[in-house]
Amino acid sequence: MSMTNHKMFYVSWEAFHRASRELAAKLLTGRYQRILAVSRGGLVPATILARELNIRLLDTICIASYQHDQQGDLSVLKGCDWQDDESLLIVDDLVDTGETARVLKQQFPRATLATIYAKPQGKPLVDVYVTDIEQDTWIQLPWDTELSYSAPLVEQQG
């Protein structure tokens with residue numbers, strides 16, 4: 001999936017924060033005690049949810065499926081050995097094709113999976129989300145942009 005063939009959806013920091021707080025409001029009725037953030041996209045919303053839901057236990061699961069604008073093979077870089085139960089909240093920024101969500105649901109079937117954005121292919125795997133996004137839309141999140149795409153510093157080294 002190259003972003004050159006897709007619609008673009010730009011998200012500001014303020015809009016992302018607002019959507020993260022909206023997600024927290026949808027999760028208030030849960031009895032969550034732990035948050036598992038899917039690195040990297042889930043780190044920012046997980047931090048906001050931890051504050052809004054007063055949860056102090058956070059960990060990460062590191063799954064790579066994108067290289068800038070290309071979706072590639074799924075790779076679990078760091079797992080998590082937390083117990084699977086209803087007190088576990090898994091947070092990611094979006095569900096796209098559902099590949100990452102499938103891996104998470106296999107390991108943690110009783111946990112709640114929450115995302116800010118959901119595309120049609122992956123939406124059935126998410127328990128709670130805020131915004132529907134068309135499948136052919138590329139989301140430009142605030143940490144990836146300035147006025148145009150900003151490569152990570154490690155890629156800018158000559």
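A salt bridge is a side-chain nitrogen of Lys or Arg within 4 Å of a carboxyl oxygen of Asp or Glu. Keep that in mind for the model above, which is predicted. Here is a case to start with. K7, E134 and D136 are linked in a network of salt bridges.

How many salt bridges are there by this rule? The count comes to 11. Let me take three pairs.

First up, E52 and R21. They form a salt bridge, with their closest N and O atoms 3.1 Å apart. E52 sits in helix α2, residues 43–52, and R21 sits in helix α1, residues 13–26, so this pair ties together parts that are 31 residues apart in sequence. How covered are they? E52 is partly exposed, at 25% relative accessibility. R21 is partly exposed too, at 43%.

Next, K78 and D59. Their salt bridge has its closest N and O atoms 3.1 Å apart. Here the link runs between strands: K78 is in β4, residues 70–78, and D59 is in β3, residues 57–67. The two residues are 19 apart, and the pair links distant parts of the chain. K78 is partly exposed, with a relative accessible area of 32%. D59 is partly exposed as well, at 23%.

Now K119 and D96. Their side chains meet in a salt bridge, 3.3 Å from N to O. Both ends are in loops. K119 is in the loop between β6 and β7, while D96 is in the loop between β5 and α3. That is 23 residues apart. Are K119 and D96 buried or exposed? Both are buried.

Which strands pair with it? On one count, strand β2, residues 34–39, pairs with β5 in the parallel sense over four bridges. I35 has L89 in β5 as its bridge partner. Then there is strand β6, residues 112–118. Six bridges join β5 to β6, and these strands run parallel. For I90, the bridge partner in β6 is L113. To get from β5 to β6, the chain crosses through helix α3, residues 99–107. This β-α-β crossover is right-handed.

Last topic: cysteines. A disulfide is a covalent bond between the sulfur atoms of two cysteines. The nearest cysteine sulfur, that of C80, is 9.8 Å away. The cut-off for a disulfide is 2.5 Å. So C62 is in no disulfide. C80 is in none either. Both cysteines are covered: C62 is buried at 17% relative accessible area, and C80 is buried at 8%.

Definitions and conventions. Residues numbered from 1 in each chain as written. Predicted model: local features only at pLDDT ≥ 70, side-chain atom pairs only at ≥ 80, totals over all residues. Heavy atoms only, no water. Buried < 20%, exposed > 50% of the residue type's maximum accessible area, 1.4 Å probe, protein only. Pairing = 2+ DSSP bridges. Right-handed = clockwise from strand over helix to strand, strands pointing away.
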